[in-house]
Amino acid sequence: MFRLSLKMTLARKGRLFLTSLAIILGTGFLAGTYIFSDTLNSTFDRLFSDVFKDVDAYVRSSSFVEAEFGGEQRGSAPISALETVLSVPGVKDAAPDVQGYARIIGKDGKPIGADNGPPTFGGIASASVAGLWNIEDGRLPVGPTEMVMDKATAKASKFVLGDTVRINAQSGSREFAMVGIVNYGDVSSPGGATFALFDQPTASEFLLKPGFVDAFLVQGDGTVSDEQLTSAINAALSPADKLETITGAQITQETQDQIGAVLSFLTLFLTAFSFIALGIGCFVIYNVFSITTAQRLKENALMRAIGANKRQVVVAMMVEALIIGLLGSALGFLSGIGLSRGLSAMLNAFGIELPTTGLTIQTNRIVLTMIVGTVITILSAILPALRAGRVPPLAALRDTALENVGSVKRRVTIGVVAMLLGAGAITATAAGATNVLLGIGVLLVFAGVLIIGPGIAKPVALSLGRPIEKLRGVTGAMARQNAARNPKRTARTAAPVLIGVALVTAMTVFAASVRSEVRTTIGDQFQGDYIVSSANRQFGGLAPSLALELAAIPGVAQATGLGFTSVNLDGSGKFVIIIDPATASGLITFNMVQGDQSKLSANGILVSDTRALAKGWTIGSTIDVAMVDGTQKTVTVEGTFASSGFGGSYVVSRALFEGTLNNLFDTNIYIRLTSGANNDQVYDALAAASTDKGLGTLQSRDEFIDAESGQINQILGLIYGLLGLSIIIAIVGIVITLLLSVFERKREIGLLRAIGMTRSQVRTTVRWESVITSMFGAIVGVVLGVVMGFVLILILADSGASAFSLPIAATIWILVLSFIVGVLAAVYPARRATKVDIMQSIATT
């Protein structure tokens, strides 16, 4: 029986390929995600292994703050501790290290490096053998006016020895003479980052704080183990310096783990979309097997008539599913190699630049892809196979391929119950229950809609086909009836389109609502004339001194900066917004519920009303705060505010950080002009002090609001791109279904051609049938997507996303594109239908 099944499967190579195509695309996306993430991880693992390969011990601050969304920020080490480290027996040499923000400005006046790409570092170049850099050309920098640059950046930006280079950092924007070009061992630029390097005093003052560095890199003399060396250094360090020492292997592993944690979110994000594609592929595979089961009714009945039992018929179908699963998964993994490059290119196109070198293909990923693809294919084929096994031998006398829709009332009842249970779970989540219920609720709603689908497919198809019948006459009427006569097939074929359109619509509605909220909120809270904004919101930004420089420009009435940093607040790491209350009034306006923003003191804090309610804080409550250098402070709640367009739940004064080692940058600087100021002259002066030096982007208030709301479009574009493969699988599903439908109706088409139907009319009939099926899925998907978008806004109301907005134009475009999908999906099946041999079709029995 197995050999027979194998021969029957391989005999239908066309159907084998078409059925495999859905699983190829789904597993290809999954494999591409795995290869892409593994390549990224291995790239960074190699990078940091190289960075610390000659480091035997690593001395750093023991004080740190855990960032709210992963990672940590550490305090600084006093340079005076270097002598102590060098005096420890077993230490051959030690070098101070700084990894601060330093943006090199190119010869064209534009910052070098992508805003969301590899970091732009500033550091120390020294003659110590424990240092990280080697001079390839020129010499080491000496004094506050000299720097050296990594070889890759110098080559790409066409800098040569003797050039004057502008660099922006925490202490402002300065020009330096380039006196050397350096390599990192054998690497010209680790990870694609840019490096501007100085001597230690300049690096400390320009990038950090005078007299402080980030760490000390220690190289042993080989007389003791790394662990013994680490213990000896720890014993020698002064407790007052708050320092700790770990081995080179430990700092390597720790850094790799931190990068891995950040990359895991990206991997999870991409994996979610790959499983969406696989889920849609399941519908296609299930649909194809269901159709072929109906079409092979006579074949299966003949097998039963000559002695095959139910189990053998089922096994034959499952063998076919196994072959398709294995073949599709294998080809899918191969296609995933190319898709991994496509994912990298797509992320780069949307401003997320990640360094990758070569490809990392792990054996376990091949096995996992094969297992996932094969299991999904087999699961999708189980129900059709069981139905095939129930075919009675007398069915061999039939010459039709019909599927029983079953009880419409029962189907609708089950679907409605599932939708109501899903709505209940979603409502519970909105009321504060766990987000797990939200996922369950969404799945139940989708399941309910899909269960109801065959019950409503016939009336919906007849309704959608009515204008087509009036427009196209006989061919339109035939297309309408073809779509309605097998509602189960129509619903299953439309299901992938439904899911894809529902997800796209939900994201479109959500994005439109957030855009509207952003425009309204920022418009209400920022009342100035201009803004200088930085795209570097995770690493670096604008020097706090820039706001003072801009405020001193004639014609500027007021300029104030807004920044972010992390502190340990109430026992855990939290992002806080930093403002200067003396200059922020009237430019940065929080919607205060209690208290006065302008009266925020150096030891005060403003808290969002929802966070204050959750924590039980009121005006006068005190909260313990720890800075990155370990400084402990107690702040008093001096006000509460409603959700803010600036982001964050906590606002503090810049004065809170005086005397601490927190590295502070401004993200935005808000500017108001004096009454009657010459707008053009002031704009030119502002640009000369900021944008012309590579310091942020100068925009008017309206331009800034447009840019901020436009960032949602960038995220939406990325999501559209990731959902694109799911839509392609849906199109493939329609194509396969139509091809099988054409094969099933070969005799019918032959008879129609014999009595005078033209090839053009055949093409038109198949095309409009495809359009009706696609539009059925699109209309139901749009309705479901709008509802899901509203639910997302409802769930996130506490986070400030409370304005529901229905994008009419975008929704119409989704329907138009669905119409186009229906037309395109019918091109090949319609062409095949016109090539049906009339005499052979009529002779078919």
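Tutor: Helices (runs of H or I in DSSP, at least four residues) and strands (runs of E, at least two) are numbered from the N terminus, and by that naming Lys 242 lies in the loop between helix 6 (226-236) and strand 15 (243-247). The model is predicted, so local features need pLDDT of at least 70 and side-chain atom pairs count only at pLDDT 80 or more, while totals for chains, interfaces and linings use all residues. Residues are numbered from 1 along each chain as its sequence is written, and side-chain values use heavy atoms, with hydrogens and water left out.

Student: What makes Lys 242 partly exposed?

Tutor: Buried means under 20% relative accessible area, exposed means over 50%, and partly exposed is in between (1.4 Å probe, protein chains only). Lys 242 has a relative accessible area of 38%, and is therefore called partly exposed. Its phi is near 55°, a positive value in a residue other than glycine.

Student: Why are helix 21 and helix 22 called roughly antiparallel?

Tutor: Helix 21 (residues 759-795) and helix 22 (residues 808-825) pack at an angle of about 150°, and their axes are 7 Å apart. Axes are lines fitted to C-alpha atoms, for helices over the stretch in contact, and angles run from 0 to 180 degrees between N-to-C directions. Angles under 35 degrees count as roughly parallel, over 145 as roughly antiparallel, 65 to 115 as roughly perpendicular and the rest as oblique; the two helices therefore fall in the roughly antiparallel class.

Student: What makes residues of helix 21 and helix 22 count as meeting?

Tutor: Contact means heavy atoms within 4.5 Å. Among the residues that meet are Trp 768, Val 771 and Met 775 in helix 21, and Ile 814, Leu 815 and Phe 819 in helix 22. By class, this contact has 12 nonpolar, 5 polar and 1 charged residues, where Ala, Val, Leu, Ile, Met, Phe, Trp, Tyr, Cys and Pro count as nonpolar, Asp, Glu, Lys and Arg as charged, and the others, Gly among them, as polar.

Student: How do you know that Thr 773 is buried or exposed?

Tutor: Thr 773, which is placed in helix 21, has 7% relative accessibility and therefore counts as buried. Not counting residues up to four places away in sequence, Thr 773 touches Thr 490, Thr 493 and Ala 494.

Student: Why is the pair Lys 107 and Asp 163 called a salt bridge?

Tutor: A salt bridge is a side-chain nitrogen of Lys or Arg within 4 Å of a carboxyl oxygen of Asp or Glu. The closest N and O atoms of Lys 107 and Asp 163 are 3.1 Å apart, and the pair forms a salt bridge. It links distant parts of the chain, with the partners 56 residues apart. Lys 107 is exposed at 53%, whereas Asp 163 is buried at 16%. The structure holds 13 salt bridges.

Student: What makes Arg 480 and Glu 469 such a pair?

Tutor: Their N to O distance is 2.7 Å, and their side chains meet in a salt bridge. Arg 480 lies in helix 13 (residues 474-485) and Glu 469 in helix 12 (residues 435-472), so parts that are 11 residues apart in sequence are tied together. Arg 480 has a relative accessible area of 10% and is therefore buried, while Glu 469, at 28%, counts as partly exposed.

Student: How do you know that Ser 566 is buried or exposed?

Tutor: Ser 566 lies in strand 17 (residues 556-569), and its relative accessible area of 0% makes it buried. Leaving aside its neighbours within four places in sequence, Ser 566 is in contact with residues including Val 65, Phe 575 and Asn 662. The C-alpha atoms of Ser 566 and Asn 662, 96 residues apart along the chain, are separated by 8.8 Å.
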